Amino acid sequence: MTTITAAVAGASGYAGGEVLRLLLAHPDVEIGALTAATSAGTPLGQHHPHLAPLADRILEPTTAETLAGHDVVFLGLPHGQSGAVAAELGDDVLVIDCGADFRLQSAEEWTEFYGGEHAGTWPYGLPELIVGDGLQRDNLKGVNRIAVPGCNVTAITLGIQPAIAAGLVESTDLVAVLANGFSGAGKAPKTHLLASEGLGSATPYGVGGVHRHVPEIMQNLRLAGADEVTISFTPTLVPMARGILATTTARLAPGVDIDAVRAAYDGVYGDEAFIRLLPEGHWPTTAATLGANTAQIQVAIDARANRLVAVSAIDNLVKGTAGGAIQSMNLALGLEETTGLSTIGVAP
């Protein structure tokens, strides 16, 4: 296949930097324009010194003119900013938004949780999402616009959707508690993100159903087969740079045992390259997914509470953002889905 040229907007941020790290290992991609807002005019190495092959590249202003002429454009911009840029890029370019602008199907929910005008809805970049009797990957082939999921959304969706789709749990009684690395909060200098505030501490945020990922989680689980969804979702910042450990519980349907649960998860994920249902007695860890486009999942039954417990671990910057974006790009362009992506974590 002809070499694919890719531009990255928001290259100085965490999402943009991770996209670039993965693209450097992609055999079919040549990296083109790198853009930023306030960081324009500075070398990329000032923001991402680990990206040595690109360290001397100067960041350009984020304009449609700069991004035009590439086969693929990745947008790593704050929410509310991708729509205007994407509108100026033609249908001949694959645009992949790593932000939130095009994830939601409901304009009303966008306004409620994000504010402002809804930019629209793009094909959703979670290939393993259950959609009716199939998976979302079939809806990504040949598209020219992709909306990458939120990282918390990916962790919860992959953890609980097989049970939802098989009717093993009550989708109106879901509880999800997440441990999140600080990179998920972005690079903006905020007091609560300082090392002096975060090291040795854990703190919840977005408590009480107000987190912006709530409607996206509900949207995914409805696609997976839930008639109605009610979820209590509480993310917690813990002192690690990256990673998400999501524990999602749900009330079991009558007569469901662990054999039925594991059979449902094996049926959905048994052939998936990037999802591993762990052997019984082994539990997911964020360390095992560090740097890899993988999700580790384990399930158990809490018999006293009559609840399913599903635990999932991902790297929020890889499977949760940049890796999912490149996996979706591969599908859209007709490449092997796993191209340029590793299932091997970095440990210890």
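A pocket is an open set of grid points with protein on both sides within 12 Å along at least five of seven lines, and its lining residues have an atom within 4 Å of a point. The views below show a predicted model.

**View 1. The largest pocket and its centre.** In this pocket lies about 1,500 Å³ of space. Its lining is made up of 49 residues. Pro78, Gly184, Ala185, Gly186 and Lys187 are the ones nearest the centre. By class, the lining of the largest pocket holds 26 polar, 19 nonpolar and four charged residues.

**View 2. Helices at the largest pocket.** At least two lining residues come from each of helix H1 (14-23), helix H5 (151-165) and helix H10 (318-332). H1 gives the most, with three residues.

**View 3. The second largest pocket.** The space here is about 260 Å³. This pocket has a lining of 18 residues, and nearest its centre are Tyr14, Phe182, Ser183, Leu193 and Ala241. Twelve residues of this lining are nonpolar, three are polar and three are charged.

**View 4. The packing of H5 and H8.** Two packed helices are described by the angle between their axes and the distance between the axes. For H5 and helix H8 (residues 258-269), the angle is about 115° and the axes are 8 Å apart. These two helices cross in a right-handed way.

**View 5. Residues where H5 meets H8.** From H5, the contact takes in Thr157, Leu158, Gly159, Ile160, Gln161, Pro162 and Ala163. They meet Ala264, Tyr265, Val268 and Tyr269 of H8. The contact of H5 with H8 has eight nonpolar and three polar residues, and no charged ones.

Key: Residues numbered from 1 in each chain as written. Predicted model: local features only at pLDDT ≥ 70, side-chain atom pairs only at ≥ 80, totals over all residues. Heavy atoms only, no water. 1 Å grid on protein atoms, 1.4 Å probe; cavity = no way out; pocket = protein on both sides within 12 Å on 5 of 7 lines; lining within 4 Å. Points joined across faces, edges and corners; volume = space filled by probe spheres on them. Helix = DSSP H or I, 4+ residues; strand = E, 2+ residues; numbered from the N terminus. Nonpolar A, V, L, I, M, F, W, Y, C, P; charged D, E, K, R; others polar. Axes fitted to C-alpha atoms, helices over the stretch in contact; angles between N-to-C directions. Left-handed = near helix turned anticlockwise from the far one by under 90°. Contact = heavy atoms within 4.5 Å.
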